[in-house]
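Please look over the sequence and the model below before reading on. The text then goes through helix packing and charged side-chain pairs.

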Amino acid sequence: ADFDSKKKRKVAEIYQALNSDPIDVAALRRMAISEGGLLTDEIRCKVWPKLLSVNTDDLPPLPAGKELREDNKDYQQVLLDVRRSLRRFPPGMPDDQREGLQEELIDIILHVLKRNPQLHYYQGYHDIVVTFLLVVGDRLATALVEKLSTHHLRDFMDPTMDNTKHILNYLMPIIDQVNPEVHDFMQSAEVGTIFALSWLITWFGHVLSDFRHVVRLYDFFLACHPLMPIYFAAVIVLYREQEVLDCECDMASVHHLLSQIPQDLPYETLISRAGDLFVQFPPSELAREAAQQQAERTAASTFKDFELASVQQRPDTVLRQRFRERLRGEERTESILTKPRTNRFVKLAVMGLTVALGAAALAVVKSALEWAPKFELQIFP
């Protein structure tokens, strides 16, 4: 009963934020992040557009599918992916209903690609689109997905994988900040970060079998900075610390372990944790750490590259690793590596006690809001 009354209270707060004038988007972000997320699909239909600032009053009509499919370079690949997407539909859904939705799914994807020729389709994109289709229906899904594709997912939709790899490069520095032992074990195993690729580019839609967990994560990601999915990926690895350390220290074993995602994760705890880590180690700080070490070894001639790297806030784990190995070889190892780390653990423990989710949500919201107006310049050069 207590849970029900909490839920009722939250629903009331969400509607209050929706009905205030102007709409209280910061409150909606907090609701989407905090325990339980947005609770129902009915609420998501109202709140998701606000989180993406999509105007629902004048949605463009959907084009007829036939003209979209003729001469479309992506049509065959999209068709194959959508046909393979059976398990993304609720079990027990009648075939004809599912087939109708699959046709809509193809049309939404082709429509967004046609209107935005700068975007390139990637395998896994349909996993994101189907989530929106199932929650909000085809017309609204088209508008939301288009906005998302030109913003949060923009880096995945480049002609090359370079920017996607850059985002994956944040994974190890986050793990390193929280648990150097797991970080070093993974580096020794040379496992890399490819195990997290499908998590990242489908916002976990492809790897989680329970649709409720997927939409709960979408609430969270839509309310936050576009790099939040990589923090969530780091939190899953950290949560599995013991399994990782008990694993054979070789690439195949660790990759196999990590790419099989447990289905019974404590989602609310992990979401709260990812929020905390984002606040403590924001992307700019992780990127700075990498950039700083690069600067120490860059001659003036390569300064331009360094400047670009820091503008684009992209860490370079390899350089950082080399730097750390060099430090380890020197006498100063102890004093340099242990001091900040012990403080870090104390800081983590204290944060864990004080933050719960409230403060993290606020800080994440604040950073998302600061970031919103200028993000096209910054993260997506």
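The model is predicted, so local features need pLDDT of at least 70 and side-chain atom pairs count only at pLDDT 80 or more, whereas totals for chains, interfaces and linings use all residues. Residues are numbered from 1 along each chain as its sequence is written, and side-chain values use heavy atoms, with hydrogens and water left out.

Two packed helices are described by the angle between their axes and the distance between the axes. Helices here are DSSP runs of H or I with at least four residues, numbered from the N terminus. Axes are lines fitted to C-alpha atoms over the stretch in contact, and angles run from 0 to 180 degrees between N-to-C directions.

Helix α7 (residues 125-136) and helix α8 (residues 138-150) have axes that come within 8 Å and cross at roughly 140°. The two helices α7 and α8 are therefore oblique to each other; angles under 35 degrees count as roughly parallel, over 145 as roughly antiparallel, 65 to 115 as roughly perpendicular and the rest as oblique. The crossing of α7 with α8 is right-handed, a term for a near helix turned clockwise from the far one by less than a right angle. On the α7 side, the residues in contact (heavy atoms within 4.5 Å) are Tyr125, Ile128, Val129, Phe132, Leu133 and Val136. They meet Asp138, Leu140, Ala141, Leu144, Val145, Leu148 and Ser149 in α8. By class, this contact of α7 with α8 has 11 nonpolar, one polar and one charged residues. Here Ala, Val, Leu, Ile, Met, Phe, Trp, Tyr, Cys and Pro count as nonpolar, Asp, Glu, Lys and Arg as charged, and the others, Gly among them, as polar.

Helix α10 (residues 171-178) packs on helix α11 (residues 180-189) at an angle of about 140°, and their axes are 6 Å apart. This pair, α10 and α11, is therefore oblique. Met172, Ile175, Asp176 and Val178 of α10 make the contact with Pro180, Val182, His183, Met186 and Gln187 of α11. The contact of α10 with α11 divides into six nonpolar, two polar and one charged residues.

Side chains of opposite charge can pair when their charged atoms come close. The structure holds 15 salt bridges, each a side-chain nitrogen of Lys or Arg within 4 Å of a carboxyl oxygen of Asp or Glu. One of them joins Arg44 and Asp219 (2.9 Å, N to O).

Asp127 lies in helix α7 and Arg88 in the loop between α5 (75-83) and α6 (95-115), so the pair ties together parts 39 residues apart in sequence. Asp127 is buried at 2% relative accessibility, and Arg88 is buried at 5%.

Arg115 and Glu146 meet in a salt bridge as well (3.0 Å, N to O). The pair links helix α6 with helix α8 across 31 residues. Arg115 is partly exposed at 47% relative accessibility, whereas Glu146 is buried at 14%. Through shared partners, salt bridges join Asp41, Arg44 and Asp219 into one network.

Helix α3 (residues 41-51) also holds Glu42. Glu42 is exposed, with a relative accessible area of 53%. The C-alpha atoms of Glu42 and Val135 are 8.2 Å apart, although 93 residues separate them along the chain.

Key. Buried < 20%, exposed > 50% of the residue type's maximum accessible area, 1.4 Å probe, protein only.
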